[in-house]
Amino acid sequence: MSNNQTEQITTEIWRETPESDNPFAAASCFCGGYDVYGDLLKNASYIDYLYLLFKQQQPTPEQSALLEGLAVALANPGPRDHSVRAAMSAGVGGSTHASALIAALSVGAGNLGGSREVVHTMEYWQQCGTSLEAWQQLIKEPPQLGREDVWLPMEHAPGFDPNGVSCPTPVKQTLAHLIDVGKGSHLQWLNDNRTALEEFAGCPLAFSGVAAAALQDLEFLPEQAEMLFLLLRLPGAAVHSLEQERLGWRKYPFFANGFKLNP
Amino acid sequence: MSVHSKLEKFEDNWRTSMGGWSLEGKVVLRGNDVFKELNNSSWMEYLLFASTGKKSPQIARLMEGMWVICTSFPDPRIWNNRVSALAGTARSTGALAAAASVAVTEATIYGLKPIKGATDFLYRADKRLAEGEDLEQIVRAELKQYRSVYGYGRPLVTADERVEPMMNFARSIGCGEGKYIKLAFAVAEYLAASRFKYQINIAAVCAGLLADEELSPMDFYHMATLAFTAGAMPCFIDASNQQEGCFFPLRTARLNYTGGEAVKHWRV
């Protein structure tokens, strides 16, 4: 780091040109080489722009349809989901709206149904590919954390729901739709081998498992998949939080009778 | 078909020994009445008991010294503090600034990962020493596997100015002579003489001091989570009190674009 040189932000994603009267305002912005306000604004869908931001290239129609389907499937996990409950807990107390989303992100980041689970599942994909034997082995002997990390170790096979009974209908519907529109080989393999994998895991496939397979088909890196999964699940958290804020804490469960303090 | 979920027995049924509040107005923490048994605790003693179950004014005082000396530099260039300064300049709220700064403090090159990692390393190293390995073997193996040793080396500068004042404070309250802090400095001595040249940083010092007080890596991690807020808050306040948007503004020329220059056109 030199003191004499102007420090810069290095980016291969974003380029700007200044307004002639203000060097602190952009006159044009380019993302991956595309003029954002001169071209994308008129011509690109939101989902395609999202893909472009991560990948710096325009998606194929199949990639676009796959990401679109995934975004719809994940947009609202519903008010019983941990991350949405976190957002609603902000809402009922009259907390700031940003805090509701922070709450949803913090809770939805975890190993159980959250973005960290997607990361782990992506790592399984990277390690096992489409070898059923490799999946069986890795589920049986999962990787151990080598050095203390801030994350807790996984307590179940990633991509599967340890509290599930059978694969829920929406998970199967999502898997079928994403195969239909995306033509992805990982999703297809997951569908073909779902029951065997569920047997290895001892529990049913979860949304996180479908999302990881879809993002593997889209060739996202695990860390990109983690970010995208967090982003895509926020709309539901936002609207449920706003709804509970409007309704107030009196209409929201406090579990008054469910809390038992051991003597 | 009658199938029952594993979750059924937990419906409206959360059992805990950690504590809680009753409608009658009693508050309990780890079996202690907060109003009767913990009411004279300092906040740090309360946090220590809440996080670890330990009641120790000595550890609380040591921890408090660490928070003051080591974790709360009010410099808005430091990345976690910078988030609070940005929140201030963008006219967000203090709590949102603090929440973001705390979350960002769970970093790799500073903050919570080195804190937890250094404690873990010292415990592992001590165990391997007890099993007959020598220090050089242990440190070399760590470097070979992870390419770094938590608690040693530092971004921007090599020496850590916090080490001496922290050790002075620790000694002033009767700490700093245990086997783990000695081990932390023994590792530093080895690294300084090796080709790696890493110097000890404050994470290893705090880890050694707290390991000697029998705090686990998780204990230290839980305690340290809020430790950085006293550095972040002044950065938020300062930026809030200055002209809005004036915290290190960037002109467009400050973007060093490394992608392709060709302008592409979206296929519709």
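Me: How many bridges join strand 3 and strand 4 of chain B, and is their pairing parallel or antiparallel?

Reply: Strands of a sheet pair through backbone hydrogen bonds, either parallel or antiparallel. In this predicted model, strand 3 (residues 27-29) of chain B and strand 4 of chain B pair in the antiparallel sense over two bridges, where two strands pair if DSSP finds at least two bridges between them, and B:Leu29 stands opposite B:Asn32 of strand 4. Strands (E, at least two residues) and helices (H or I, at least four) are DSSP runs numbered from the N terminus. Residues are numbered from 1 along each chain as its sequence is written, while chains are lettered from A and ligands numbered from 1 in the order in which they are written. Because the model is predicted, local features need pLDDT of at least 70 and side-chain atom pairs count only at pLDDT 80 or more, whereas totals for chains, interfaces and linings use all residues.

Me: In what order do the strands of that open sheet of chain B run, and which are the edge strands?

Reply: Three strands of chain B form the open sheet in the order 2-3-4, with antiparallel pairing; strand 2 (19-21) and strand 4 (32-33) are the edge strands, each pairing on one side only.

Me: Which strand of chain B pairs with strand 5 of chain A?

Reply: Strand 5 (residues 259-261) of chain A pairs with strand 1 of chain B in the parallel sense over three bridges, and within strand 1 of chain B the bridge partner of A:Lys260 is B:Arg15.

Me: How many residues of each chain are in contact, and which helix of chain B supplies the largest share of its side?

Reply: Contact here requires C-beta atoms, placed from the backbone, to lie within 7 Å, and 43 residues of chain B are in contact with 43 residues of chain A. Among the elements that each supply at least two residues of the side of chain B touching chain A are strand 1 (14-16) and helix 5 (112-130), and the largest share, five residues, comes from helix 5 of chain B.

Me: How are helix 8 and helix 11 of chain A packed?

Reply: Two packed helices are described by the angle between their axes and the distance between the axes. Helix 8 (residues 169-182) and helix 11 (residues 207-217) of chain A pack at an angle of about 10 degrees, with their axes 9 Å apart, so helix 8 of chain A is roughly parallel to helix 11 of chain A. Axes are lines fitted to C-alpha atoms over the stretch in contact, with angles running from 0 to 180 degrees between N-to-C directions, and angles under 35 degrees count as roughly parallel. Residues making the contact include A:Leu175 and A:Leu178 of helix 8 and A:Phe207 and A:Val210 of helix 11.

Technical notes
Contact = placed C-beta atoms within 7 Å. Parallel < 35°, antiparallel > 145°, perpendicular 65-115°, else oblique.
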